[in-house]
Amino acid sequence: IGPGQMILQIHESIGHPLELDRILGDERNYAGTSFVALDMFGSYEYGSKHLNVSFDPGVVGETASYGYDDEGAKASKVMLIENGLLKNPIGSVHSSAVAQQQNYSFEPTANSRATSWNRPSLDRMANINLESGSFSYEDIIASVENGIFVDDNKSWSIDDSRNKFQFGCEYGRIIKNGELGETVKNPNYRGVSASFWRSLDAVGDDSTAKIMGTPYCGKAEPNQVIKVGHKSPVAKFKD
């Protein structure tokens, strides 16, 4: 999967389900809940050993880079998933304090943002990035005996718990015996977040990565639409 599609995959099946206020129940009546529960942090295998995902508002030039959030918390890089293990939610100082009252202790992320002075700040994704691996694009393609390369999103759907999903892509090419073949129309794939990321088999190096994002991430009532950044390399999924 190329970076143009990976950014939406990360956004929908990692970013949204890890928002701590959503896990605590704040979005249930509007945008749904999360398959992630408080007691999964520190023990849940979110993905394979190749999966390393960070909250990092400090990446120069990324869509949602900033120094402080709207609660005044200083922004810094926090690992959300490390070597596949779920470590931290995307939780502001306020949400982390609420979780603390339920005897769960998390490292706060400076992610409390509002779209206007007359809206409450919420737990929002900032820059949620898939950390680069060590494989070149050529190495990844060469390792595929029978598969497909897809990139650039065309359509998307994910359930209320941000678990089961299906995506359509603009671009696809068949891979046979380590070589790119013919272009195909309307490539689609579907999966379940809880098992999809465990099939991650290789992550591209920095040369395969792109800094991208979306200006239109919606959340809350009244709706707040905000900018979100994502950086991702090429990623390979098996089986």
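Predicted model: local features only at pLDDT ≥ 70, side-chain atom pairs only at ≥ 80, totals over all residues.
By class, what does the lining of the second largest pocket have in the way of nonpolar, polar and charged residues? Hold that thought for a moment.

Okay, the answer: seven nonpolar, nine polar and four charged residues. The second largest pocket comes out at about 380 Å³. There are 20 residues lining it, and nearest its centre you find Leu 8, His 11, Glu 12, Trp 156 and Tyr 216. If you want to trace that on the fold, look at α1, which is residues 3-15, along with β7 and β12; each of them supplies at least two residues of this lining.

Now the largest pocket, with a volume of about 490 Å³. Here 21 residues do the lining, and the closest to the centre are Ile 1, Ile 148, Lys 236, Phe 237 and Lys 238. The largest share is from β7, with five residues.

In general, nonpolar side chains in soluble globular proteins tend to be buried together. In our model, the largest nonpolar core has 48 residues, and the ones touching the most other members are Leu 18, Val 36, Tyr 46, Leu 51, Ile 81 and Leu 86. The element giving the most to this core is α1, with four residues.

Two single residues before I stop. Lys 219 sits in strand β12, residues 210-219. Buried or exposed? Lys 219 counts as buried, because its relative accessibility is 0%. A polar atom of the Lys 219 side chain is 2.5 Å from the backbone oxygen of Asp 123. Leaving out residues up to four places away in sequence, Lys 219 touches several charged residues you can pick out on screen, including Glu 19, Asp 21, Arg 22 and Glu 27.

Then there's Arg 198, in the loop between α5 (193-196) and β11 (200-203). Arg 198 has 36% relative accessibility, so it counts as partly exposed. Its side chain has a polar atom 2.9 Å from the backbone oxygen of Glu 45, and a polar atom 3.0 Å from the backbone oxygen of Ala 194. Again skipping residues up to four places away in sequence, Arg 198 touches Tyr 44, Glu 45, Tyr 46, Gly 47 and Ser 48. And Tyr 46, remember, was on that list of core residues.

How values were computed:
Residues numbered from 1 in each chain as written. Heavy atoms only, no water. Buried < 20%, exposed > 50% of the residue type's maximum accessible area, 1.4 Å probe, protein only. Polar contact = N/O pair within 3.5 Å; in protein donor to acceptor, adjacent residues only side chain to side chain. Contact = heavy atoms within 4.5 Å. 1 Å grid on protein atoms, 1.4 Å probe; cavity = no way out; pocket = protein on both sides within 12 Å on 5 of 7 lines; lining within 4 Å. Points joined across faces, edges and corners; volume = space filled by probe spheres on them. Core = buried A, V, L, I, M, F, W, Y, C linked by side-chain atoms within 4.5 Å.
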